[in-house]
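Please have the model open while reading.

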Amino acid sequence: MYKILICDDEKDIVSALKIYLEAEGYETLQAYNGNEALKVISENEVHLVLMDIMMPECDGITAMVKLRETSNLPVILLTAKGEDTDKILGLNVGADDYITKPFNPVEVIARVRSQLRRYMQLGGNAAVQKSDYVVGNIELDDSAKQVTVDGEIVSLTPTEFEILKLLMQNVGKVMSPKEIYRKVWNDEAYGAESTVAVHIRHLREKIEINPAEPRYLKVVWAHGYKMEKGV
Amino acid sequence: MKLRESLAAKITAVILSYIMAAILVISAIFTVVMGYYKFYFSGVDAVKEEILTNMAHSEANYLEILLDDGYDIEKYYSDKNVFYEVKYIESGEVVTNYNNEPYIALGSSGYYDYKEYSYEKYGEIYWESEEIHIADVKIYVAKDMTKSDMFSVMAKIIDIGYSMRFAMVFIALGSLVLLIVLLCFLYCSAGHIKGGVIKRNYLDLLPFDIYTAAVGFIGFFSVVAVAEWTNDLASAVLWVVVFGSLDYFIALGYTMSFATRVKTRTLIKNTLIYMILRFFGKYINKFSNWIKHIISNVSLIKKTVILLCGILLLEFIALVIIFNTYWYYSPSRIFWFVIIYNIVFVSAVLYLAIILKRIKDGGEKIAKGDLHHKIDTQYMFGDFKEFCVSLNNINEGLQVAVNERMKSEHFKTELITNVSHDIKTPLTSIINYVDLIKKEECENETVKQYIEVLDRQSGRLKKLVEDLVEASKASSGTLNVNLAVCDAGVLLTQALGEFEDRLKKAGITPVLNLPENPVKIMADGRHLWRVFDNLLSNVCKYALGGTRVYLDIIRNNGKVYITFRNISKFQLNVSAEELMERFVRGDTSRNTEGSGLGLSIARSLVELQNGSLELNVDGDLFKVTVEFEEM
């Protein structure tokens with residue numbers, strides 16, 4: 001049973017998250033500012049922290065910095081600030097993921113699950129790596145033609161599988177739709193690039209928690225697509 | 001059909017006008033002649049007497065010639081209505097056929113003097129002597145004209161003329177009025193052809209000055225020809241009639257052409273002189289532009305120097321002339337004075353030119369937006385210094401205003417961002433608790449409906465808040481823009497891929513048209529995606545189901561045009577400009593989702609990337625054009 005600390009100055013949000021997470025079978029603890037959060041963490045065994053940035057007394061970023069001095073437990077930041085600079089700041093001080101308000105409960109749960117899985121795998125019982133390609137929480141087993149995300153098997157069509165494999169083989173490299181088409185279909189594109197775009201969209205819907213803000217399969221607009229290691 | 005468009009009517013009018021003109025000329029001549037002979041002021045007998053007396057005078061003179069030539073005058077006058085009487089003064093002998101018959105006119109030649117030569121022989125020589133004789137020659141015109149001759153004809157003409165003397169005036173006036181009416185009709189109808197348009201005929205296409213010269217020449221030629229070819233009354237009448245008619249028709253055609261030209265506003269344009277002037281005008285214009293160009297490109301100081309050199313040269317020439325003329329007044333003092341004066345003059349002017357150039361350059365820099373520029377007021381004095389100080393003050397004022405404006409823009413953006421943050425927190429609770437209520441077991445259908453409304457509207461509020469922040473950032477320019485070379489075709493393909501499911505759901509078929517080669521533009525891929533995202537969202541929301549959306553990329557003259565065309569679901573009651581305004585939506589009822597900020601955001605984002613976005617509404621056809629420079 002994992003314990004999750006929910007920290008937000010808005011009590012209603014804390015209660016709502018509590019309801020969602022407990023419905024999923026997690027135990028929850030509550031805190032209403034950064035200092036309280038740090039106190040709770042020091043007193044309890046906590047597996048994951050959901051923390052708001054803007055809080056009175058001690059804000060989320062300050063609490064993060066203090067927490068990271070002693071612990072590496074996963075922290076997901078919650079904030080109303082949706083700007084890129086804020087995200088980068090949060091991630092730089094050690095946050096593992098980022099959710100913007102107003103959030104979708106399903107997305108929160110998915111991210112919580114993903115982070116917990118990764119943390120638990122890293123911590124101690126790291127399973128034997130059997131897969132051919134691993135990027136973040138995505139594992140691709142070429143011989144079994146199987147893909148798992150956060151440990152759960154995702155069913156992909158053969159084309160989607162091939163595209164994912166190609167991108168995972170070239171992590172960090174931007175591949176144009178034409179190039180992807182040529183390698184996956186073994187044919188020249190001749191204006192069929194939009195097929196690639198559609199497949200990538202479907203692929204993102206299957207492997208990403210929020211396809212509009214992908215962690216791994218990024219869209220490089222006007223150039224192509226690339227796979228990133230994620231955060 | 002209108003009368004003025006009928007060719008037959010015009011031809012008829014021309015012929016009628018010719019007849020009227022002829023009648024007018026003849027009747028006018030008669031009227032004038034009759035007026036000259038006092039037909040209108042005295043009785044017929046007096047008129048007749050005067051005219052016949054004149055004729056009798058002429059006849060008497062003619063009789064003298066007959067006598068000189070030794071004609072048989074008795075026989076000559078036997079068939080005429082006149083009597084002759086020749087009275088030799090010296091001898092008192094009278095030769096006559098006049099026997100006191102009544103006469104109406106008496107003409108005389110005055111005293112007829114004739115010479116009689118006699119020859120006398122003196123030896124071998126003939127001596128010629130001459131005697132001058134005087135005779136009184138008279139012609140009586142008989143009152144009863146029984147024979148037919150010039151006099152009887154004239155008497156008859158006078159009788160007829162006298163009886164018609166007023167009728168002739170009326171004929172002249174009547175024909176004049178008719179002629180004017182006909183000419184008015186002809187001038188008004190000139191150029192009109194079937195269908196109510198005014199068209200020029202071949203004559204009207206002739207340059208007017210050439211036409212005028214030709215007509216003038218023909219007129220001149222006619223006068224000369226009549227004068228040259230006339231030797232008696234009959235030929236005079238013939239040539240006058242022939243050339244008069246010819247000239248009449250030519251003059252009529254000329255004046256009608258004049259009317260057409262005035263109507264079609266080609267009177268001046270269609271002349272050789274105008275054409276020539278315009279032809280040269282082009283070059284004159286070019287030449288003057290060239291001169292202007294040169295002058296405007298030469299710097300102020302150089303211009304001053306050139307002007308000064310010119311003035312000095314003129315002065316020098318003047319001086320040389322003065323010295324040559326007044327060399328005897330010791331000129332050296334004047335010479336030195338002029339030199340010193342010129343040095344002072346030139347340096348003063350150059351100083352002014354340099355200061356003016358400084359002011360001009362400074363003004364240009366400020367006008368271009370360099371608000372930190374200060375004009376150097378060193379070595380300036382008086383009004384110039386004051387002017388430059390105020391210019392610098394204006395600059396500072398402007399800078400303050402611009403800073404204020406920037407501050408207020410930033411403040412606005414910050415306010416919107418902060419407010420939206422504060423809205424987002426309660427909104428999160430609302431969305432989450434609505435979701436939780438949805439998950440509760442509830443039998444009441446009405447409650448379920450209400451919850452649906454809450455769910456939908458809170459979603460809308462969320463979108464609105466997000467768009468608001470984005471719109472304020474995009475329009476105030478606080479967004480980071482990293483321009484890089486982008487392939488617009490790839491981006492459009494990617495965007496279409498993202499929207500394929502939503503388009504399918506809305507029943508809209510995309511039709512993509514891309515050029516074969518990659519289309520390179522300078523843009524920020526992420527922002528351009530947001531633009532396409534907004535535009536394609538609009539298509540999904542507002543395009544009519546079952547229709548196609550056309551996405552084209554067109555290259556033209558170094559520009560790239562990315563167009564989105566679709567058929568609107570709703571009747572677009574608002575103009576393209578209004579649609580671009582914030583919070584305006586295609587459906588005035590505002591029943592659909594959306595904040596009304598999409599197009600405004602898209603435009604701001606495109607403009608941040610140095611492109612432009614344009615809307616076109618044509619009935620239900622909705623078209624967005626995004627324009628970029630091609631790389």
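A residue counts as buried when its relative accessible area is under 20%. The model is predicted. By that cut-off Cys7(A) is buried, because its relative accessible area is 0%. Cys388(B) is also buried, because its relative accessibility is 0%.

Cys7(A) is in none. Its nearest cysteine sulfur belongs to Cys58(A), 8.4 Å away. A disulfide needs the two sulfur atoms within 2.5 Å.

| Residue | Relative accessible area | Class |
|---|---|---|
| Cys7(A) | 0% | buried |
| Cys388(B) | 0% | buried |

**The sheet of chain A**

Chain A holds an open sheet of five strands. The order is E2-E1-E3-E4-E5, and the pairing is parallel. Which strands stand at the edges? They are E2 (27-31) and E5 (97-100) of chain A. Each has a single partner strand, so one side of each is left without a neighbour in the sheet. On average, neighbouring strands of this sheet are turned by 20° against each other, direction ignored.

Strand E3 of chain A spans residues 48-52, and strand E4 of chain A spans residues 75-79. The two run parallel and are joined by four bridges. Asp52(A) stands opposite Leu78(A) of E4(A). How does helix H3 of chain A lie relative to these strands? Helix H3, residues 60-70, lies across E3 and E4 of chain A. Helix H3 of chain A runs at about 170° to E4(A).

Methods:
Residues are numbered from 1 along each chain as its sequence is written. Chains are lettered from A and ligands numbered from 1 in the order in which they are written. This is a predicted model: local features need pLDDT of at least 70, side-chain atom pairs count only at pLDDT 80 or more; totals for chains, interfaces and linings use all residues. Side-chain values use heavy atoms; hydrogens and water are left out. Buried means under 20% relative accessible area, exposed over 50%, partly exposed in between (1.4 Å probe, protein chains only). Two strands pair if DSSP finds at least two bridges between them. Axes are lines fitted to C-alpha atoms, for helices over the stretch in contact, and angles run from 0 to 180 degrees between N-to-C directions. Contact means heavy atoms within 4.5 Å.
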